[in-house]
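Subject: Structure for your review

Dear colleague,

Please find the structure below, followed by an account of what was found in it.

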Amino acid sequence: MTEAPPVETPPAESVTSERAEASTARPRSSAPPSALISMRDIWKTYQMGAEQLHALRGVSFDVQRGEYLAIIGPSGSGKSTLMNLIGCLDTPSKGDYWINGKMVAQMDDDELARIRNKEIGFVFQTFNLLARATALHNVELPLVYAGIPAAERRQQAERALQNVELSDRMTHRPNELSGGQRQRVAIARALVNHPSILLADEPTGALDTKTSYEIMGLFQQLHDAGNTIILVTHEHDIAARAHRVISIRDGQIEKDERIK
Amino acid sequence: MATELLTEPARTEQGPPPPRPFGESRPRRRSRLPPFFHTTWESFRIALSSLRANKLRTALTLVGVVVGVAAVIAVVTIIKGLDQTVASTFSSQGSTVFTISKRPQVITSREDFLRFNKRKDVKEEDADAIARLCNRCWRTGIAANAQATVKAGDKSSENVRVRGVTLSMYAIEDTDIEAGRAWTDAEEAAGRDVAVIGADVVDNLFDGAPLDRIVGRDIRVEGRTYEVVGVAERLGSIFGFSRDNFVQIPYPTFKKVFGTHSSLIVFIQVPHDSEMAAAQDQARAIMRNRRGKTFRDEEDGFSLETQDVFIDLYKSATSNIYIVTVGVAAISLVVGGIVVMNIMLVSVTERTREIGIRKAVGASRRDVLMQFLIEAVVITAIGGALGVGVGFALAFGLALAMGFPLLFSVGSAVLGVTVSSGVGIVSGLWPAWKASSLNPIEALRAE
């Protein structure tokens with residue numbers, strides 16, 4: 001982890017006292033915030049030998065249902081770390097994180113897996129489709145882990161592919177699809193289990209300009225249909241499509257502005 | 001990386017979920033089968049497709065398991081067939097017969113052979129003494145053996161067993177005469193040149209002509225002509241040796257032709273196996289007395305045996321075969337298991353990205369663990385099934401070649417597949433655990 005050079009060491013005793021306070025205070029704060037996502041004083045600290053690297057240093061923000069949010073920042077700003085935390089691929093070192101009323105900050109691996117399955121829909125820069133599986137099977141994957149029977153799974157996956165206009169490519173494998181088509185398969189996969197958030201990490205980073213616009217158009221449509229979208233990017237023109245932009249620098253929120 | 005120490009995450013009950021935007025309202029109709037079932041079935045499908053994608057690798061991985069299981073199946077099947085043969089062979093005489101002879105029927109060392117050779121021959125007088133003095137003995141019979149060339153017409157057959165027997169031997173050995181008859185008391189007493197022949201002699205000398213037309217024809221043994229009065233029922237072969245290649249003639253006739261210098265075998269039968277011990281004690285005492293042995297002599301000077309000798313020998317031989325086979329199988333299964341483990345580790349490394357993707361969309365540690373475990377078990381179960389097939393094929397070939405019955409055992413097939421699947425679980429566990437504990441962030445970054 002090379003992100004966030006240590007500018008200052010946080011007071012160690014304050015960390016422990018806050019933690020103790022948080023654990024005793026939790027029963028009182030157990031009423032979930034009304035926001036879809038609620039992050040409170042999130043720290044992510046990596047131990048590099050004797051040094052502590054703070055990738056995130058006290059990040060707090062809320063995301064309401066139906067928002068279209070872009071998180072922007074240069075590489076090394078901590079935005080990937082933040083995305084991993086939002087996506088429940090990782091847990092914060094400190095702080096509270098609520099998603100759809102569930103406290104996820106201290107969940108174990110399997111609980112996180114369930115949250116990823118039900119609450120998060122990932123879209124990656126490099127699509128991350130299974131190469132040997134058809135488009136349909138790729139889209140079915142989250143439903144497999146949700147324990148949905150095959151017939152119902154297939155039906156839902158077909159519907160999801162219809163929604164991204166890929167009904168005629170269902171039995172194609174990723175290497176038989178164009179970049180834009182692959183990303184649309186990935187979007188169908190992200191949405192098939194009706195997650196709370198669509199979380200996209202540089203979704204146009206591997207696409208040409210024209211296809212990028214197509215995909216961004218699709219995101220706009222999905223937002224119009226009521227989906228909550230969080231977009232992580234380093235490109236300002238992509239971020240400008242969102243309705244709210246959070247700028248990250250050195251592990252802290254630099255700016256949080258509503259642009260539409 | 002610091003993690004929170006709080007063990008009880010504060011989780012709250014959700015109210016009814018808000019309407020889902022994407023598509024229509026979610027048909028959350030859960031199946032009656034547990035989610036576990038669907039993920040297991042999915043794992044099974046993934047396993048098959050990834051094995052298909054690497055056919056050569058899969059085939060090579062299988063070899064160890066196939067060899068191990070095939071060895072066990074082949075040996076178990078062959079020995080079961082032999083057991084059947086042995087049982088049917090020795091049950092005909094049962095445990096009511098014992099023999100007295102100069103040498104035991106099974107000699108395992110040269111020293112023993114030399115020692116037994118120094119013993120006195122068992123003579124007709126010994127048999128007479130037992131018949132006269134042993135009141136516990138029900139029937140006694142004499143058998144003397146020789147090898148000879150037997151001819152009929154222009155045909156000849158070498159190395160035929162010529163047995164000189166008393167008529168009582170037909171009852172003791174429970175010989176069935178398929179055509180014709182045994183000789184009479186009068187013929188035996190007169191030392192007439194009559195013979196009862198085995199089925200192989202019929203095949204070799206009479207081209208398998210109808211049996212009733214063979215009765216009454218002549219055969220020549222060592223230049224002397226005998227009239228065939230009967231044909232014995234076919235006994236079949238054991239361990240590849242035919243038991244039908246014999247000519248049986250009256251003992252007095254045998255004495256005239258082959259002399260009295262060869263040692264005899266005295267057969268003794270009791271009415272019921274509960275009287276075996278008493279009859280053997282009596283016969284042993286009579287014989288020791290005749291050999292001039294006192295109670296201080298350890299050596300009898302003769303061999304008193306039952307058919308158990310063969311059964312014991314057979315059992316010790318087969319148990320050794322079993323031990324060796326189990327050893328071979330164990331080694332090849334261990335090696336096969338290591339190969340499977342190695343391949344699974346390679347597979348986990350190759351598919352790190354895939355594991356990351358699966359975890360990102362909601363696969364739990366257990367889902368990933370099961371996927372790779374099932375893959376390992378599928379490989380070894382296929383290996384086991386192939387091993388069962390190869391093993392049965394080997395046993396079938398040997399059974400045909402050696403002429404014993406082939407007994408397919410479903411139990412050993414099930415055992416073969418079960419054991420090999422067990423090998424899959426053991427050798428798949430570590431790779432699967434490695435896969436399941438991959439960090440999803442790092443796994444997604446792989447390649």
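At what angle do helix H4 (residues 124–133) of chain B and helix H10 (residues 276–290) of chain B pack, and how many Å apart are their axes? The angle is about 135° and the axes are 10 Å apart; axes are lines fitted to C-alpha atoms, for helices over the stretch in contact, and angles run from 0 to 180 degrees between N-to-C directions. H4(B) is therefore oblique to H10(B) (angles under 35 degrees count as roughly parallel, over 145 as roughly antiparallel, 65 to 115 as roughly perpendicular and the rest as oblique). Helices (H or I, at least four residues) and strands (E, at least two) are DSSP runs, numbered from the N terminus.

This is a predicted model, in which local features need pLDDT of at least 70 and side-chain atom pairs count only at pLDDT 80 or more, while totals for chains, interfaces and linings use all residues. Residues are numbered from 1 along each chain as its sequence is written, and chains are lettered from A and ligands numbered from 1 in the order in which they are written.

At the helix pair, B:Asp126, B:Ala129, B:Ile130 and B:Leu133 of H4(B) meet B:Ala283, B:Ile286, B:Met287 and B:Arg290 of H10(B). Two residues are in contact if their C-beta atoms, placed from the backbone, lie within 7 Å.

As to confidence, the predictor assigns the complex an ipTM of 0.86 and a pTM of 0.69. Chain B has an average pLDDT of 84, with 89% of its residues scoring at least 70; pLDDT is the predictor's confidence in each residue, from 0 to 100. Residues 1–19 of chain B have a pLDDT below 50, and this stretch has 24 contacts in the model beyond near neighbours in sequence. Residues 23–31 of chain B also stay under 50, with nine contacts beyond four places in sequence.

Chain A contains eight helices and 10 strands. Of its 260 residues, 51% are buried (20 or more other C-beta atoms within 10 Å of the residue's own; exposed if 12 or fewer, and partly exposed in between).

One residue of chain A may be described individually. A:His243 lies in the loop between helix H8 (236–239) and strand S9 (244–249) of chain A. A:His243 is partly exposed because 14 other C-beta atoms lie within 10 Å. Leaving aside residues up to four places away in sequence, A:His243 touches A:Glu67, A:Tyr68, A:Arg258, A:Ile259 and A:Lys260. A:His243 and A:Leu69 are 174 residues apart in sequence, yet 6.0 Å apart in space, C-alpha to C-alpha.

Yours sincerely
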